[in-house]
Amino acid sequence: MTTSHPLTQDELKAMVGRSALQYVVPGSIVGVGTGSTVNKFIDALAGMKDQIRGAVSSSVASTERLRAMGIPVFDANEVESLAVYIDGADEIDGQGYMIKGGGAALTREKIVAALASRFVCIVDESKLVPALGRFPLPVEVIPMAAQHIARRFSTLGGVASLRMKDGQPLVTDNSQHILDVRGLTITDPLAFETEVNQWPGVVTVGVFAHQKANICLLGTAHGVKILVY
Ligand code: 5RP
């Protein structure tokens with residue numbers, strides 16, 4: 001007798017991670033994001049490491065995992081463009097706009113995404129939202145500007161808090177801090193990203209509208225659904 005059980009979130013992540021392999025162009029260098037879903041993708045990518053030249057990574061953590069799998073990691077300055085960038089998200093809406101940065105890697109993620117012709121987002125279905133803003137918005141900031149930027153968010157109705165780790169402000173791979181902003185409703189992601197990105201002291205805002213997803217592989221109980229934007 002066989003028993004079926006609903007797929008766990010971890011199994012959904014593994015499913016979309018494997019599914020993303022179909023977008024990896026043989027002989028190319030692959031853009032690789034950060035997070036637990038991407039870790040599943042990296043594990044799957046190890047199975048075809050002899051078919052790719054290597055990866056450009058968006059974080060120290062992903063670089064370490066790629067290298068541990070024997071996948072060469074190139075500096076972003078060594079490549080002119082990438083065919084594809086594969087990454088997770090904290091939220092994605094019906095137009096491919098995303099909130100990212102739950103893993104604090106948003107700045108490098110946006111840089112690697114900007115190098116790529118195609119952004120393939122891999123998420124489980126819990127991340128699909130009608131409008132961005134349920135997930136606290138990560139913003140990487142220069143530490144001396146953190147409180148000023150927090151006050152600016154409060155004028156938009158947001159409540160910003162400094163992300164902490166082990167009792168200290170979390171320090172990103174770029175030696176900066178992260179504000180998490182709750183209570184925002186982001187009705188126009190393109191305009192919001194453009195506006196916040198030019199506030200002095202903001203390194204990167206975690207709205208990915210200018211670098212939105214072109215494809216979303218959505219892990220559902222019925223398999224992987226492909227959304228094209
Ligand atoms: C890291 C990110 C991640 O893509 C995002 O947080 C999703 O992570 P996970 O796959 O672990 O849910 O933006 O900065």
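**The ligand site and its domain**

Modeller: In this predicted model, an N or O atom in the side chain of Lys-100 is 3.0 Å from an oxygen atom of the ligand. Gly-102 takes part through its backbone, with an N or O atom 3.5 Å from an oxygen atom of the ligand. On its own the ligand has 380 Å² of accessible area, and the protein covers 90% of this.

The shell around the ligand holds 17 residues, and those that come nearest are Ser-36, Thr-37, Asp-90, Gly-101 and Lys-127. Sorted by class, eight residues of the shell are polar, six are charged and three are nonpolar.

As for the rest of the chain, the domain assignment gives domain 1 as 9-129 + 210-228 and domain 2 as 137-205. The centres of the two domains, taken over C-alpha atoms, are 24 Å apart. Where domain 1 and domain 2 touch, domain 1 brings 15 residues to the contact and domain 2 brings 19.

About 1300 Å² is buried between domain 1 and domain 2, with carbon and sulfur atoms giving 55% of it. On the domain 1 side, Leu-106, Lys-110 and His-210 supply 38% of the area buried against domain 2, more than any other three residues. Lys-110 also forms a salt bridge with Glu-193, and their closest N and O atoms are 2.6 Å apart. The count of salt bridges between domain 1 and domain 2 is one. Polar contacts link twelve residue pairs across the interface of domain 1 and domain 2.

Note on methods: Residues numbered from 1 in each chain as written. Predicted model: local features only at pLDDT ≥ 70, side-chain atom pairs only at ≥ 80, totals over all residues. Heavy atoms only, no water. Near = heavy atom within 4 Å. Polar contact = N/O pair within 3.5 Å; in protein donor to acceptor, adjacent residues only side chain to side chain. Areas by Shrake-Rupley, 256 points an atom, 1.4 Å probe, with all protein chains shown as cover. Nonpolar A, V, L, I, M, F, W, Y, C, P; charged D, E, K, R; others polar. Domains from an automatic or database assignment. Contact = heavy atoms within 4.5 Å. Buried area = accessible area lost by both parts, 1.4 Å probe. Salt bridge = Lys/Arg side-chain N within 4 Å of Asp/Glu carboxyl O.
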